[in-house]
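I opened a new model today and kept notes as I went. The entries follow the order in which I looked things up.

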Amino acid sequence: MNIVDGKEAVCRIEDFRVHYMTFDGPVKAVDGVNMEVYREETLGLVGESGCGKSTLGSALLKILPRTARMSGKVYLEGEDLMSKMEKEMQKLRGAKIAMIFQDPMTSLNPIMKVKDHFTEMIRTHKPEVSEEQALEMAARALEEVGISESRLNDYPFQFSGGMRQRMMIALSIVLRPALVIADEPTTSLDVIVQAQILQLMKEIQSHIRSSMILITHDLGVVAEMAHRIGVMYAGHLVELAPRDVIYYRPLHPYTVALLESVPNTDINDMDLDYIEGYPPSLLNIGEGCRFADRCPKVMKLCRDRTPPDVQIDEEHIVKCWLYADSFEEDEDNASG
Amino acid sequence: MDRTVEVKFLSASIGRAFRKFFRSGSGKMAFTGAVILIIFLLAAVFAEQIAPYDPTVRSGKAFLSPNSEHIFGTDNLGRDMFSRVLYGSRIALLIAFIAVLIAAAVGIPLGLLSGYVGGPLDRVLVLIMDAVYSFPGLILAIAVAAVLGTGVINIAVSIAVVYAPTYFRVIRNQVSSIKSELYVEAAKAIGAKNWTILLRYVLPNVLPSVVVVLSMNLADAIMVEAGLSFLGLGIAPPTPDWGYDLSNGQRFILMNDWWMIMFPGLAIIVLVLGFSLFSEGLNEYLNPNVGERE
Amino acid sequence: MSLKTYIIARILLAVPMVLILLTVVFVIMRVIPGDPVLTLLGGKAPIEVIEAKRHELGLDKPIIVQYGEYLLNLFKGDLGKSLLTERPIIEELGDRLPATVELTIMGFIIALVIGIFWGVEAARRHDTAFDLSARVYSIFIYSVPVFWLGMVFQLVFGVWLKWLPVAGRIPPLMEPKHITGMYLFDALLTANWDSAREALRHLILPSVTLGLVISSVFVRMVRGNMVLSLSQDFVKAARARGIKERAVVYRHALKNAMVPIMTVLGLQLALLFAGAVLTETTFSWPGIGTYLIQKIRYRDFMAVQGAIVIYALIVVTLSIVVDIVNAWIDPRIRY
């Protein structure tokens with residue numbers, strides 16, 4: 001798997017924040033994320049549950065609950081999503097930017113036939129398409145994920161979990177979106193099915209030449225799938241680099257710790273390393289590195305000021321003071 | 001543990017529970033309901049002291065609109081409406097309480113038995129109770145009241161027939177789920193008798209829902225009683241009764257006698273509202289997760 | 001299972017339910033009371049007259065035989081004769097049924113419209129002032145006796161504003177040609193616009209009264225189930241596919257919420273008929289409810305029994321209909 005040449009950004013995210021408003025104050029679920037997703041690449045987004053990765057995924061489609069406030073910029077193929085009205089967003093969802101959800105058992109409408117899921121979606125976005133044409137498109141999309149066309153008349157509950165996830169994938173790619181966000185797409189499936197689905201997603205992606213943000217807590221999955229990996233911790237994107245760099249030359253102390261805590265099947269190494277403590281509460285959280293309390297290399301500076309995004313090289317960004325020495329003067333610009 | 005510490009802890013936790021109760025919306029609701037209920041109870045108990053006139057005899061001209069002597073006006077026989085509304089709360093509360101007690105006295109033991117014993121008895125009882133439950137309550141009460149005739153107990157029985165299945169269903173379903181809980185299994189394993197299990201383990205667990213159903217049923221019972229007496233199947237006149245007074249007032253509605261229907265009606269609304277608020281608040285407070293789906 | 005097989009199975013399942021209800025009615029009407037003939041004829045009737053009447057009605061037979069005859073006659077569609085008018089009760093009820101059906105259908109539609117719009121919008125704006133208004137409305141209206149609301153409407157729209165009639169179904173001699181017996185419907189079918197207007201004018205107050213009171217439960221149920229339904233994954237997934245908000249709310253969320261709503265609704269329809277008895281009495285609406293109350297006044301126990309049986313059959317029929325509609329909405333019920 002190679003990093004795609006000629007890196008054109010399909011999606012660019014700048015200083016992006018999502019704060020949930022509560023009676024006790026804002027919960028800063030995503031706080032100052034900068035990243036780009038290149039054309040035809042898979043960007044893996046990993047982190048513990050509650051780190052903001054799923055919020056970020058849903059935020060890109062602007063389908064968060066009412067209490068969420070977003071700021072910053074998101075460009076999808078040059079279009080500024082954050083300035084779009086709900087009506088315009090609706091036209092993009094499913095057509096240009098699609099989402100695959102975690103639990104295929106609950107993310108299909110239980111009382112709607114498979115074909116109606118497809119025709120409803122296709123004809124919402126392309127009113128000029130006839131019912132028959134829409135059914136043909138649906139049949140083709142199902143074929144692409146390995147489901148027989150004859151099952152168009154079935155209801156979701158007549159499918160197994162793996163089959164439903166195939167359907168979700170077919171549904172998300174039928175309109176050939178530029179960006180697919182897969183939010184823990186295999187977490188609720190068993191291991192064998194998981195491998196099949198991942199393989200399928202890989203094939204489909206190269207077939208339809210879309211970009212993908214793969215959100216998962218499973219480092220094995222991103223190792224398998226992603227060209228580049230972003231590591232999130234407590235609302236911050238702490239490290240972003242090509243897959244091999246993350247696995248072999250991680251820089252951020254959290255990434256290092258995360259990789260060490262992965263259980264493996266090597267029976268000679270049965271010691272499981274883990275990170276002490278818990279992620280901080282994101283309610284009313286202030287300045288400073290959010291990993292500071294658990295970081296083995298913590299400095300005084302870390303607790304006082306949020307580290308900048310340090311550009312190690314063209315492909316590698318770390319949000320950590322350890323690597324900021326040489327950038328002391330323009331740290332503020334770097335984080336902006 | 002030191003005894004004073006324990007007492008302190010207990011009082012602190014009660015205090016916390018109280019504070020939580022009054023801070024929550026459901027707590028405020030239950031409190032408002034309770035205040036309304038207490039006012040009506042006082043009105044019913046002290047009707048003789050509060051009422052300015054005898055509610056069953058003429059105290060002034062007929063059809064007087066509200067004025068300083070008759071603040072709710074008078075009816076077609078010149079009786080004071082305020083006194084009648086006041087005394088009306090007696091009949092309403094009395095019948096409602098008796099009806100609900102009878103319903104509970106029939107429904108709870110049957111529910112306990114049916115849920116605990118299970119088997120064919122359970123199935124037959126469930127079938128019968130479900131059938132009665134599905135029947136329109138008021139129409140069932142009308143049928144029974146038509147057969148039994150007037151009188152406080154008869155009306156109460158007619159209403160109780162409607163609500164006994166409610167208790168039965170609630171208790172039966174809870175008992176059959178509690179029955180399989182570990183602590184009941186454990187009690188059985190150490191040789192506890194059936195009655196001991198029912199009284200010591202099962203009953204305390206179903207009591208909270210009984211309290212909620214009880215107060216909900218009181219609201220419904222008052223409505224049914226008013227309905228029955230509006231239809232002429234309630235207490236025999238001249239006893240003051242809201243439902244009867246409403247049907248009496250309706251006869252003269254073309255004469256624009258708004259006070260004859262307004263005040264008994266408002267009395268019913270406020271009292272039922274009191275029970276509803278109380279039970280609703282209590283329900284949300286006791287079972288916070290069942291409130292959404294009815 | 002196909003929908004057809006389901007319907008047949010559901011109807012068969014209703015048989016024990018019908019039998020139990022009919023038995024309950026029998027027990028109430030025949031076993032509990034002392035002597036209906038005595039109450040009918042009064043205490044001073046000569047003993048021979050009473051005996052003759054008892055024999056005529058079959059009340060001198062053993063109770064179990066009476067029960068058997070009761071069921072057998074019902075099965076043949078025979079509800080007996082009115083003790084007062086000597087007319088077959090089934091005919092008398094047949095004359096009254098359309099009025100009740102007309103009123104309840106209109107009331108139901110009004111309650112449904114209020115319930116769905118207010119309930120859905122409240123759920124969409126969960127925990128806002130609008131949501132609170134729906135909750136306050138449903139608690140408050142639940143406390144209002146239907147007959148009192150009817151009287152207030154009579155007072156305001158009939159007596160004060162003089163906009164609408166306060167009683168009856170239609171002015172004399174304006175009845176439309178009899179097709180279904182539902183005046184508004186028949187008048188519209190026969191393009192009899194004057195009758196239709198009058199029928200509608202008479203129908204408005206009773207049906208709005210009934211509809212408003214019943215809407216309390218509807219608003220509450222729709223709201224509660226929609227709050228749950230809107231929080232489901234498939235709703236979010238539908239939004240993520242760019243489905244229009246209206247379709248997400250009504251086609252996806254509401255249709256799924258309808259199944260639990262309909263299930264409870266089946267039981268609440270009983271409330272509709274109970275409310276209809278009171279509404280009919282309030283507005284002198286000549287339906288089964290007023291029939292029942294009149295017959296109780298005249299101690300015509302055969303007719304009372306007949307009316308109660310009809311209500312029981314209506315309830316069972318409606319519960320079957322509700323289940324079939326549910327199975328049609330949600331295929332999982334059928335499988």
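**Entry: domains of chain A.** I began with how chain A is divided. I found domain 1 (3–96 + 177–323) and domain 2 (110–175). I kept in mind that this is a predicted model. I then looked up how far apart the two parts sit. The centres of domain 1 of chain A and domain 2 of chain A, taken over C-alpha atoms, are separated by 29 Å.

**Entry: where the domains touch.** I looked at the contacts between them next. On one side, 15 residues of domain 1 of chain A take part, and they meet 12 residues of domain 2 of chain A. Which helix gives the most to the domain 1 side? I noted helix H6 (residues 191–208) of chain A, with seven residues. I also sorted the residues on that side of domain 1 of chain A. They come to 11 nonpolar, three polar and one charged.

**Entry: chain A as a whole.** I counted 11 helices and 12 strands in chain A. I noted the spans of the C-alpha trace of chain A along its principal axes as about 65 × 55 × 45 Å. I checked burial too: 44% of the 336 residues of chain A count as buried. Last, I looked at contacts in chain A between residues at least 6 apart in sequence. Of these, 64% join residues at least 24 apart.

**Entry: strands around E12.** I picked strand E12 (residues 316–319) of chain A and asked what pairs with it. Strand E10 (residues 236–242) of chain A runs antiparallel to E12(A), with two bridges joining them. In this pairing I found A:Leu240 opposite A:Ile317 in E12(A). Strand E11 (residues 309–313) of chain A also runs antiparallel to E12(A), and here four bridges join the strands. A:Asp313 stands opposite A:His316 in E12(A). I followed the chain from E11(A) to E12(A) and found a hairpin, which joins them through two residues.

**Entry: between the chains.** I finished with the contacts from chain to chain. Which of the two pairs of chains in contact shares the most contacts? I noted chains B and C.

Terms used. Residues are numbered from 1 along each chain as its sequence is written. Chains are lettered from A and ligands numbered from 1 in the order in which they are written. This is a predicted model: local features need pLDDT of at least 70, side-chain atom pairs count only at pLDDT 80 or more; totals for chains, interfaces and linings use all residues. Two residues are in contact if their C-beta atoms, placed from the backbone, lie within 7 Å. Domain bounds come from an automatic or database domain assignment. Ala, Val, Leu, Ile, Met, Phe, Trp, Tyr, Cys and Pro count as nonpolar, Asp, Glu, Lys and Arg as charged, and the others, Gly among them, as polar. A residue is buried if 20 or more other C-beta atoms lie within 10 Å of its own, exposed if 12 or fewer, and partly exposed in between; C-beta atoms are placed from the backbone. Two strands pair if DSSP finds at least two bridges between them.
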